[in-house]
Amino acid sequence: MTFVACFKRALVAVALIFAQQAYAELVIEDAWVRAVPPNSRTTAAYFTVRNTGAEEQTIAAVRSDSAREAEIHDWVETAGRKTMVRQDQVVVPAGGQVVLQSGGLHMMMFRLDPVPSPGDKVLICVDTEAPAEAPAEGEPVAESATEVCAEATVRNP
Amino acid sequence: MNVAVGRITAIFTLFALSLMLAACSEPRPELPINTRLGGDFSMVDQDSKPFGPADLQGKLSLMFFGFTQCPDICPATLARTVGVWKELTEPHREQVQVVFVSFDPQRDTPAYLKEYLAFFDPTVIGLTGSAEQVASMARSYGVVYLQEDAQPGREQDYLFSHSDFVYLLDRQGRVRKLFKSDFDGEELINDIRSLL
Ligand SMILES: [Cu+2]
């Protein structure tokens with residue numbers, strides 16, 4: 001290995017360390033999942049994402065071990081109708097937080113598998129990097145280095 | 001002043017006073033009857049039995065339109081509405097029914113609704129029907145809903161945008177009040193009691 005190549009590799013390693021520190025500055029708190037009937041196909045997760053860092057962070061993807069698909073939604077009201085609108089990016093300001101709660105921003109969990117029961121713990125994750133390509137049906141999502149996860153309790157509100 | 005006139009004056013005064021006192025203790029004006037909403041409909045309940053306006057007679061109804069694949073507002077509103085119903089005394093509970101009307105008949109079949117609603121309470125009535133029946137009932141109650149486009153490859157995950165009022169119906173099935181889905185539980189309970 002030439003000196004230049006080695007130096008480049010070292011730079012990448014350092015960059016990765018910084019990247020990891022950057023993502024680690026997101027903290028998930030007060031996570032819970034709405035208990036729904038056992039034949040439900042969807043539910044929602046609610047939590048607070050706190051950014052303890054000095055730089056703005058952007059959530060680009062969410063996932064859960066109990067749902068085949070997960071998205072962040074917000075409610076928008078137009079012409080007397082309420083619509084859930086998928087949010088491709090959610091910005092968490094430096095030193096600030098974003099609250100996901102019923103009737104507002106929420107993490108939508110599609111195609112529950114399995115449907116969690118009250119009292120269960122469910123893994124929920126937020127990622128500052130969008131997945132490069134969607135996994136095939138039934139394939140588990142690979143863990144990402146920019147991902148922060150937390151356990152959410154399944155309960156009634 | 002003779003005795004007879006005195007008595008009549010006293011009786012009249014008492015009568016007037018009692019009227020005024022009754023007016024004072026009247027907690028609120030009676031809920032107006034909404035004549036623009038409601039009317040005839042023909043649906044199917046969670047036991048696949050026909051269900052029409054006649055089946056709403058005799059009990060107060062707390063009616064809510066939604067779809068079971070809705071993960072946030074619909075189950076929350078259903079849970080809160082059933083919660084209010086459970087706060088009533090048992091004799092009152094027997095005079096009030098919770099009715100969930102689905103505008104997603106494709107996924108919300110009677111059997112599916114039966115299992116879904118039992119999670120909240122087995123007495124909750126679930127209504128569905130053909131697309132036309134559902135559209136007709138929604139129209140008469142002023143409910144607006146629209147199936148949104150799903151993302152490519154995820155057609156089964158379609159959602160609806162919709163209005164989200166809870167309807168309080170009297171024993172004759174007439175609409176007496178609309179509540180927003182984030183209604184105040186205390187207000188709803190008081191309005192239910194005023195109709196019992
Ligand atoms: Cu949603």
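Modeller: A polar contact is a pair of N or O atoms within 3.5 Å, where within protein one must be able to donate a hydrogen and the other to accept it, and residues adjacent in sequence count only if both atoms are side-chain atoms. Across the interface of chain A and chain B, that rule finds 16 residue pairs, both at pLDDT 80 or more. This is a predicted model, with local features needing pLDDT of at least 70 and side-chain atom pairs pLDDT 80 or more, while totals for chains, interfaces and linings use all residues. Residues are numbered from 1 along each chain as written, chains are lettered from A in written order, and side-chain values use heavy atoms, without hydrogens or water.

Biologist: How many salt bridges cross the interface of chain A and chain B?

Modeller: There are five (a Lys or Arg side-chain nitrogen within 4 Å of an Asp or Glu carboxyl oxygen) between chain A and chain B. Among them, B:D157 pairs with A:R111, with 3.1 Å between the closest N and O atoms.

Biologist: And how much area do chain A and chain B bury?

Modeller: About 2,500 Å² is buried between chain A and chain B, 54% of it on carbon and sulfur atoms, counting accessible area lost by both parts (1.4 Å probe). On the chain A side, A:N39, A:R81 and A:K82 lose the most area to chain B, together 25% of what that side buries.

Biologist: How many residues are in contact there?

Modeller: With heavy atoms within 4.5 Å as the criterion, 30 residues of chain A are in contact with 29 of chain B.

Definitions and conventions. Buried area = accessible area lost by both parts, 1.4 Å probe.
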